[in-house]
Structure formats: structure tokens, C-alpha cells
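Morning, everyone. I have one structure to walk through today. Let me put it up.

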Amino acid sequence: MAWTHGLRGSALEEMINETCEHYRRNALALIQKIPTPITPITIDKATRHITLAYFDQASTVDYVGVVQGIPVCFDAKECAADTFPLQNLHPHQVRFMEDFEKQKGVAFLLIAWTSRNEYYYMPFREMMEFWSRMEHGGRKSFRISELDPAYYLDVRSEGMLPILEGLQKDLLERGD
């Protein structure tokens, strides 16, 4: 699979990275972006930028870390429409998150609804309800209206996403 999509998702990634750095500086969490392994094919000599590359292997999730002793992993997705296509999740990512949860970690999605400028923390169990529905012949997407309003995250004035608030709610609902 060739890689040519450039800066897609870079604003969301930048916001998450800034938030994770803030959490690290304040000893709240240590969460790191996991780079996608690629093999460069074409490099622009003037700018030294990769313009064409191939994925070496299927990546797992975008971020992995620990929050006050709790292992976490999550993937960040953007969606412009009010319907999220489940094809944006890959089976190997779902399996990784499932295995992560079996090891007592917490897996989740962060979804940026770009046309609404809204951010959603999707607990793994909610993601799996939609995934299972699809696997059993149901819708291959979910609507924004199907989501739990309590898991929307309000962006802070300093441009940070309160990921730990979503995690805390998730943990309380699990009983952990």
C-alpha cells in the first residue's frame, strides 16, 4: 500500500501530542505516538521530504502509554460527516485493542468530528458494539446520534484535549 496522504489528521495529532506532552510535564501520564513503519520510495531532494513510501507492516494503534499505572492505547480518527464508516478501523487494530484489553489495559478511540469541531472519547466496549453489529450483517457505520453524549470532550482554551476525563469516566463505568 502506497503512502501519499500527506498531512491528513495533522491538526488532531498535534492537539493530542500537545496534550500528551502536558500530561508528561505534569507527571500525570506518559503517552507516546507510535510511528508507522514505512519504506521510502521517492524523496524530494530539495526539501528532503518523503513523497512516496510503502507501509512495512500493518500498524497497531496511534498511541500507547501509561496513566497513573494504567496501560492505555488508542487510535485517533477524523470524520467530516455525521456517519463514521467502520472501514476506517482495520481488523488488525481491533485485534490489537482487544488483546490489550485482555491484558488489563484500556483501549479507546478519539474521534474528531471535523465539520462540527467536536471530539469524542469512544470506550473500547462501545466501539466493539458497532464492530460486532457490522460483523453480524448490520450497518457498516455508526451515526453520531448513536453516541453517548457524556463522552464528548471539551477542548481547553489552551488547545488541549482532556483525554484523562474520558478515561476517568470509562474507568468508573467499568468499575475499575
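I'll go from the overall fold to the sheet, then the core, then the aromatic rings, and end on one glutamine.

First, a caution: this is a predicted model. Keep that in mind throughout.

The overall fold, then. The chain has 176 residues, and 37% of them count as buried. There are four helices and 11 strands. Look at contacts between residues at least 6 apart in sequence: 62% of those join residues at least 24 apart.

Now the sheet. Six strands make an open sheet, and the order is S2-S5-S6-S8-S9-S11. The pairing is mixed. At the edges are S2, residues 30–33, and S11, each pairing on one side only. As background, strands of a sheet pair through backbone hydrogen bonds, either parallel or antiparallel. Which sense do S6 and S8 take? Parallel, over eight bridges. For a landmark, find glutamate 78, which stands opposite alanine 112 in S8.

On to the core. In general, nonpolar side chains of soluble globular proteins tend to be buried together. Here, the largest nonpolar core holds 48 residues. Which of them touch the most other members? Ile16, Leu110, Trp113, Met122, Met127, Phe142 and Leu161. Several elements give two or more residues to this core, including helices H1 (10–25), H3 (124–135) and H4 (163–174). Strands on that list include S5 (63–67), S6 (70–79) and S9 (118–123). The largest share comes from S8, with eight residues.

Take methionine 122 from that set. Set aside its neighbours within four places in sequence. Methionine 122 then contacts Phe108, Leu109, Ile111, Met127, Phe130, Phe142 and Leu147.

Next, the rings. The whole structure has 11 aromatic pairs. I'll show two.

One is phenylalanine 84 with tryptophan 113. Their geometry is edge-to-face, at 6.4 Å centre to centre with 75° between the planes. Phenylalanine 84 is in strand S7, residues 83–85, and tryptophan 113 is in S8, so this pair ties together parts 29 residues apart in sequence. Buried or exposed? Phenylalanine 84 and tryptophan 113 are both buried.

The other is tyrosine 121 with tyrosine 151. This pair is stacked: 5.7 Å between centres, 15° between planes. Tyrosine 121 sits in S9, while tyrosine 151 is in the loop between S10 (141–143) and S11 (152–153). That links distant parts of the chain, 30 residues apart.

Lysine 33 lies over the face of tyrosine 63, at 5.6 Å from the ring centre. Lysine 169 puts its charged end over the ring of tyrosine 151, 5.3 Å from the centre.

Last stop, the glutamine. Where is glutamine 93? In helix H2, residues 91–102. Why does glutamine 93 count as buried? Because its relative accessibility is 5%, and the cut-off for buried is under 20%. What does its side chain meet? A polar atom of that side chain lies 3.2 Å from the backbone oxygen of threonine 60.

That's the tour. Questions, please.

Technical notes. Residues numbered from 1 in each chain as written. Predicted model: local features only at pLDDT ≥ 70, side-chain atom pairs only at ≥ 80, totals over all residues. Heavy atoms only, no water. Buried < 20%, exposed > 50% of the residue type's maximum accessible area, 1.4 Å probe, protein only. Polar contact = N/O pair within 3.5 Å; in protein donor to acceptor, adjacent residues only side chain to side chain. Core = buried A, V, L, I, M, F, W, Y, C linked by side-chain atoms within 4.5 Å. Contact = heavy atoms within 4.5 Å. Phe/Tyr/Trp six-rings, centres within 6.5 Å; stacked < 30°, edge-to-face > 60°. Lys NZ or Arg CZ within 6 Å of the ring centre and 35° of its normal. Pairing = 2+ DSSP bridges.
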